[in-house]
Amino acid sequence: DLSRTRVVAFATHGLVAGELTGLAEPALVFTPPAEATTLDDALLTASEAAQLKLNADWVILSACNTAAGETGQSPGYTGLARAFMLAGGRRVLASHWPVRDDAAARLTVDTVRLSARGETPARALQKAMLKLIDDRTVPGGSDPSVWAPFVLVGR
């Protein structure tokens, strides 16, 4: 039951439709069970995510391609991002392309932290991006390919 959880975060791998044989929609990948079942096949598809009962201020999709469309020909935000909004997420932080784990962790944590300190969500994301860009200890952190895939969807 996630209805009382205000921040739901997934730091995993995201798949686009067709990336795996038979995968017709975007999905998040989880650790596979010893034996796959219909309830646990190690994938949370967009259609399954849309059926969750959320009341979350933030849904963090710290994974590759989570802002991708439902299919390869669909517009962006029609896949996982939309599914989590339909499930009750007020805002979703998603990515347009493959992301680096180190940068994704820094960016997502800083965004939520800054938002909790009173920044608007959009300004929190912007400040987190600028902080990453300015941090010389992050190799290549100023390169747009590192910070630019992340977008904020929602209110």
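## The largest pocket

In this predicted model, helix H3 gives 6 residues to the lining of the largest pocket, the largest share of that lining. The pocket has a volume of about 200 Å³. In total, 17 residues line the pocket, and those nearest its centre are Phe10, Ala11, Ser62, Ala104 and Thr108.

## The nonpolar cores

The largest nonpolar core has 21 residues. Within this core, the residues that touch the most other members are Phe10, Leu28, Val59, Leu61, Phe84 and Val92. At least two residues of the core come from each of S1, helix H1 (46-50), S5, helix H2 (80-86), strand S6 (91-95) and strand S7 (150-154). Helix H2 supplies 4 residues, the largest share of this core. Another core, of 17 residues, lies apart from the largest one, and its members include Ala103, Leu107, Ala128 and Phe150.

Val59 illustrates how a member of the largest core is surrounded. Which residues does Val59 touch, when residues up to four places away in sequence are not counted? They are Val8, Leu54, Phe84, Gly89, Arg91, Val92 and Leu93. Two of these contacts, Phe84 and Val92, are themselves listed with Val59 among the core residues that touch the most other members.

## Strands S1, S5 and S6

Strand S5 pairs with both S1 and S6. S1 and S5 run parallel and are joined by 5 bridges; in this pairing, Val7 has Trp58 of S5 as its bridge partner. S5 and S6 also run parallel, joined by 2 bridges, and here Ile60 has Leu93 of S6 as its bridge partner.

In a regular strand the side chains alternate between the two faces of the sheet. The faces of S1 can be told apart by their cover: Val8 and Phe10 make up a covered face, while Val7, Ala9 and Ala11 make up an uncovered one. In S6, by contrast, both faces are covered, with Arg91, Leu93 and Ser95 buried on one side and Val92 and Ala94 buried on the other. Accordingly, 5 of the 5 residues of S6 are buried.

## Ala94, a buried residue of S6

Ala94 belongs to strand S6. Its relative accessible area is 0%, and since buried means under 20%, Ala94 is buried. Leaving aside neighbours within four places in sequence, Ala94 is in contact with Leu61, Thr66, Ala67, Ala81, Pro149, Phe150 and Val151. One of these, Val151, is 57 residues from Ala94 in sequence, yet the two C-alpha atoms are 5.5 Å apart in space.

## Two residues with positive phi

Most residues other than glycine have a negative phi. Ala42 has a positive phi of about 75°, although it is not a glycine. This residue lies in the loop between strand S3 (27-29) and strand S4 (43-45). Asn65, which is also a residue other than glycine, has a positive phi near 60°, and its place is in the loop between S5 and H2.

Asp57 is located in the loop between H1 and S5. With a relative accessibility of 27%, Asp57 counts as partly exposed. Apart from neighbours within four places in sequence, Asp57 is in contact with Arg6, Arg90 and Arg91. Asp57 and Ala27 are 30 residues apart in sequence, and their C-alpha atoms are 21 Å apart in space.

Asp1 is part of the segment before S1. Its relative accessible area is 82%, so Asp1 is exposed. Between Asp1 and Arg91 there are 19 Å in space, C-alpha to C-alpha, and the two residues are 90 residues apart in sequence.

Note on methods
Residues are numbered from 1 along each chain as its sequence is written. This is a predicted model: local features need pLDDT of at least 70, side-chain atom pairs count only at pLDDT 80 or more; totals for chains, interfaces and linings use all residues. Side-chain values use heavy atoms; hydrogens and water are left out. On a 1 Å grid over the protein atoms alone, a cavity is a set of points where a 1.4 Å probe fits but cannot get out, and a pocket is an open set with protein on both sides within 12 Å along at least five of seven lines; lining residues have an atom within 4 Å of a point. Grid points are joined across faces, edges and corners, and a volume is the space filled by probe spheres set on the points. A nonpolar core is a set of buried Ala, Val, Leu, Ile, Met, Phe, Trp, Tyr and Cys residues joined through side-chain atoms within 4.5 Å. Buried means under 20% relative accessible area, exposed over 50%, partly exposed in between (1.4 Å probe, protein chains only). Contact means heavy atoms within 4.5 Å. Two strands pair if DSSP finds at least two bridges between them.
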